[in-house]
Amino acid sequence: MFLMDLLKRCHTCNHEHASIDSQYAYCPDCGELIENEWFITRCACCGIKQKAVIKNGVIMPEANYCRNCGGDEYIIEKLEKINFIDINYAVLVKTVVQEEPPMDDVTQCWEEKSLNIPKLLQLFK
Ligand SMILES: [Zn+2]
Ligand SMILES: [Zn+2]
């Protein structure tokens, strides 16, 4: 029962106490390694920055329409680094970093990729 409770708690942890000062931080509540990712949204039409919000787990602009051109299409841009200008526009997504896969899996992944390339080339010939 204890394990079940623990898993449940991990699953529902929002990691709100994890530090956001660095890109990676351990959550003090559940012990998961958290990656802080900042996203902004831009108008797909004119490229102006729009304040991003998360609604139902989806990143989207706060405004329905672009204040500059009235467009409703947008793109999501991941920021490599947060700065004091972008922080007003950005949303923070805390992603749990999974353990790195074993070396064997990584090799397999690369093999599959390299095998796919010749097949694709053959199709075009
Ligand atoms: Zn947590
Ligand atoms: Zn626009």
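How many bridges join S2 to strand S3 (residues 49-50)? Two bridges join these strands, which run antiparallel. The model described here is predicted, so local features need pLDDT of at least 70, side-chain atom pairs count only at pLDDT 80 or more, and totals for chains, interfaces and linings use all residues. Residues are numbered from 1 along each chain as its sequence is written, while chains are lettered from A and ligands numbered from 1 in the order in which they are written. Helices (H or I, at least four residues) and strands (E, at least two) are DSSP runs, numbered from the N terminus. Two strands pair if DSSP finds at least two bridges between them.

**Strand pairing around S2**

- Strand S2 (residues 33-43) is joined to S1 by three bridges, and the two run antiparallel; alanine 25 has isoleucine 34 in S2 as its bridge partner.
- Six residues lie between the strands in the hairpin of S1 and S2, where glycine 31 takes a positive phi near 80 degrees.
- S2 is also antiparallel to strand S7 (residues 91-96), with six bridges between them; asparagine 36 is partnered there by lysine 94.
- The pairing of S2 with S6 is antiparallel and spans six bridges, and arginine 42 has isoleucine 75 of S6 as its bridge partner.
- Towards S3, threonine 41 stands opposite glutamine 50; the hairpin of S2 and S3 has five residues between the strands, and glycine 47 in its turn has a positive phi of about 85 degrees.

**Loop residues**

- Cysteine 13 is located in the loop between helix H1 (2-12) and strand S1 (24-26).
- Cysteine 13 is partly exposed because 18 other C-beta atoms lie within 10 Å; a residue is buried with 20 or more such atoms within 10 Å of its own C-beta, exposed with 12 or fewer, and partly exposed in between, with C-beta atoms placed from the backbone.
- Beyond four places in sequence, cysteine 13 touches Cys27, Asp29 and Cys30, contact being C-beta atoms, placed from the backbone, within 7 Å.
- Histidine 15, in the loop between H1 and S1, has a positive phi of about 55 degrees although it is not a glycine.
- Histidine 15 counts as buried, with 21 C-beta neighbours inside 10 Å.
- Asparagine 56, in the loop between strand S4 (52-55) and strand S5 (58-61), counts as exposed because it has 5 C-beta neighbours inside 10 Å.

**Tyrosine 74**

- Tyrosine 74 belongs to strand S6 (residues 74-79) and is buried, with 20 other C-beta atoms within 10 Å.
- Contacts of tyrosine 74 beyond four places in sequence include Thr41, Arg42 and Met60.

How values were computed:
Contact = placed C-beta atoms within 7 Å.
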